[in-house]
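Thank you all for making the time this morning.

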Amino acid sequence: MADASPESSSVPSNSETLDLAIAGGGAAGFFAAITCAEALLASGVQPENFSVRLFENSSHVLGKVKISGGGRCNVTHACTDPRTLVTHYPRGERSLIGPFHRFQAEDTVRWFEDHGVALKTEADGRMFPVTDDSQTIIDCLTTAARKAGVSWETGTGLSSARSLSPAASSSPGSEPRFEIVTTDGRRYLVRHLLIATGGTRSGAARKLVEDLGHALEPPVPSLFTFHIADDPRLHDLQGISVEGAAVRVPGAKLSATGPVLITHWGLSGPAILRLSAWGARELADRDYHFPLELSWLGPDATPEAVLDRFQKERHDHGARSVATRSPFTSLPKRLWVRLVEQSGITDTHNWSNLPKNLASSLANELCRGAYTVSGKSLNKEEFVTCGGVRLKDVNLKTCESKLQPGLYFAGEVLDIDGITGGFNFQAAWTTGHLAGTALAEGIGCGYAE
Ligand SMILES: Cc1cc2nc3c(=O)[nH]c(=O)nc-3n(C[C@H](O)[C@H](O)[C@H](O)COP(=O)(O)OP(=O)(O)OC[C@H]3O[C@@H](n4cnc5c(N)ncnc54)[C@H](O)[C@@H]3O)c2cc1C
């Protein structure tokens with residue numbers, strides 16, 4: 001493509017001009033680049049006539065895709081109703097109804113199928129490539145990008161970006177609207193700029209966004225596990241997991257149900273990660289020190305109902321020791337024995353001679369166990385950032401900035417994040433698709449002039 005030679009004095013005249021520069025070679029940046037380039041080709045623009053270039057800070061593109069889903073890449077989730085899909089996003093939620101009506105999990109599956117990758121669904125709804133190998137997704141995206149004429153550089157990030165004069169920035173299509181500087185000091189004029197730099201917890205990523213006039217919801221981690229120090233109820237039980245447990249933070253509207261896993265340092269598992277996602281901001285405000293109520297028997301269990309169950313045990317198995325005869329098959333034996341011990345029940349207690357106060361103590365321990373969380377660890381399987389570019393400043397039909405024409409955002413840089421299960425990649429595909437489609441229209445319109 002020909003370099004533009006803008007007249008405006010604020011526009012440097014000796015830099016290469018790009019139709020589209022993308023900061024960040026992750027899932028969102030790649031998906032946007034491919035969508036845009038494929039749409040331009042489909043509308044008849046010749047590959048030599050447009051320039052779509054990705055700049056990736058690190059030495060590899062799609063680094064998180066590689067490590068995602070334990071190396072298998074949980075691409076999306078089998079949920080085809082946009083209104084249900086949005087309920088998995090603590091940040092984004094209702095604002096995502098429109099975007100998911102345009103591009104949702106079903107579209108992701110179709111897109112990958114059309115590009116030669118079959119996905120499979122696991123019992124819990126998570127979707128993976130049939131190869132169980134994240135490299136399949138990387139190969140698919142890089143091949144599609146190359147085929148569509150997208151170019152990329154690794155080891156080269158964007159160190160700064162500025163909007164050019166208001167006259168340039170309001171012109172449609174053909175005039176460059178931004179000047180970008182790469183980490184190795186090269187300058188480019190760009191007509192359209194997409195920021196897809198992922199979570200905004202690093203200062204450099206924040207600066208890039210703020211220099212372009214956008215405010216950020218303060219970034220804090222989401223999807224973390226809980227530290228519970230020196231609690232004899234959990235000591236040495238790491239690896240034990242209970243399927244239908246429930247957790248809540250007393251005094252806050254935060255609760256979650258699902259598997260809870262005991263770790264070396266406290267608690268993890270889907271219910272804990274869900275709670276951490278919904279409470280990401282509130283728990284950060286408390287500096288990750290808060291009380292936790294844990295029901296090993298699920299959200300509906302009450303001490304009264306548990307005591308009734310104990311009565312039946314007294315009647316049916318009165319001579320059996322409490323420690324060796326658990327009425328709850330869902331509880332691993334070692335955990336049952338530990339909770340029995342910690343309730344003050346000894347080997348001499350059988351069901352028929354269990355004192356009322358000890359029975360109550362055990363019933364409480366089973367369904368209202370009080371724990372103290374004193375910190376967090378990042379979940380190694382998946383973590384994301386809560387916070388990012390404010391959604392009210394972005395048109396979510398196109399992912400274009402409402403403050404800077406020609407500037408777009410996609411992926412985790414936006415104030416959107418989901419719980420585990422493929423929802424975070426789905427948000428990257430959706431916003432990447434919307435941005436890429438709108439960018440193709442913007443770039444194509446420049447060529448039509
Ligand atoms: C260990 C782990 C496992 C995960 N597994 C899953 C999973 O299985 N399923 C799921 O749905 N989600 C998963 N996630 C979350 C998912 O990876 C992210 O939500 C998703 O990658 C976001 O895509 P993105 O393109 O917005 O950002 P990223 O994938 O983070 O990509 C952004 C890219 O921008 C680059 N960059 C940053 N600043 C600059 C700059 N100034 N210039 C140029 N480049 C820059 C970064 O190096 C990075 O490569 C996982 C996350 C982690 C950490």
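Ser377, if we set aside residues up to four places away in sequence, touches Phe224, Thr225, His227 and Trp265. Please keep in mind throughout that what we are looking at is a predicted model.

Let me step back to the domains. The protein is divided into domain 1, made up of 16-221 together with 383-448, and domain 2, which spans 224-381. The C-alpha centres of domain 1 and domain 2 are 41 Å apart, and the contact between them involves 17 residues of domain 1 and 13 residues of domain 2.

How much area is buried between domain 1 and domain 2? The value is about 1200 Å², with carbon and sulfur atoms giving 63% of it. On the side of domain 1, the residues that lose the most area to domain 2 are Pro221, Phe383 and Ile419, which together account for 43% of what that side buries.

As for specific interactions across the interface of domain 1 and domain 2, the rule finds zero salt bridges, whereas it does find two residue pairs in polar contact, both at pLDDT 80 or more. Turning to the elements involved, α2 (63-71), β10 (216-222) and β18 (384-389) each supply at least two residues of the side of domain 1 that touches domain 2, and β10 gives the most, with four residues. By residue class, that side of domain 1 divides into eight nonpolar, five polar and four charged residues.

Finally, a word on one of the sheets. Strands of a sheet pair through backbone hydrogen bonds, in either a parallel or an antiparallel manner. Here we have an open sheet of three strands in the order β3-β5-β4, and the pairing is antiparallel. Its edge strands, each pairing on one side only, are β3 (76-77) and β4 (119-121). Between β4 and strand β5 (residues 126-129), which run antiparallel, there are three bridges, and if you look along that pairing you will find Leu119 standing opposite Pro129 in β5.

Methods. Residues numbered from 1 in each chain as written. Predicted model: local features only at pLDDT ≥ 70, side-chain atom pairs only at ≥ 80, totals over all residues. Heavy atoms only, no water. Pairing = 2+ DSSP bridges. Domains from an automatic or database assignment. Contact = heavy atoms within 4.5 Å. Buried area = accessible area lost by both parts, 1.4 Å probe. Salt bridge = Lys/Arg side-chain N within 4 Å of Asp/Glu carboxyl O. Polar contact = N/O pair within 3.5 Å; in protein donor to acceptor, adjacent residues only side chain to side chain. Nonpolar A, V, L, I, M, F, W, Y, C, P; charged D, E, K, R; others polar.
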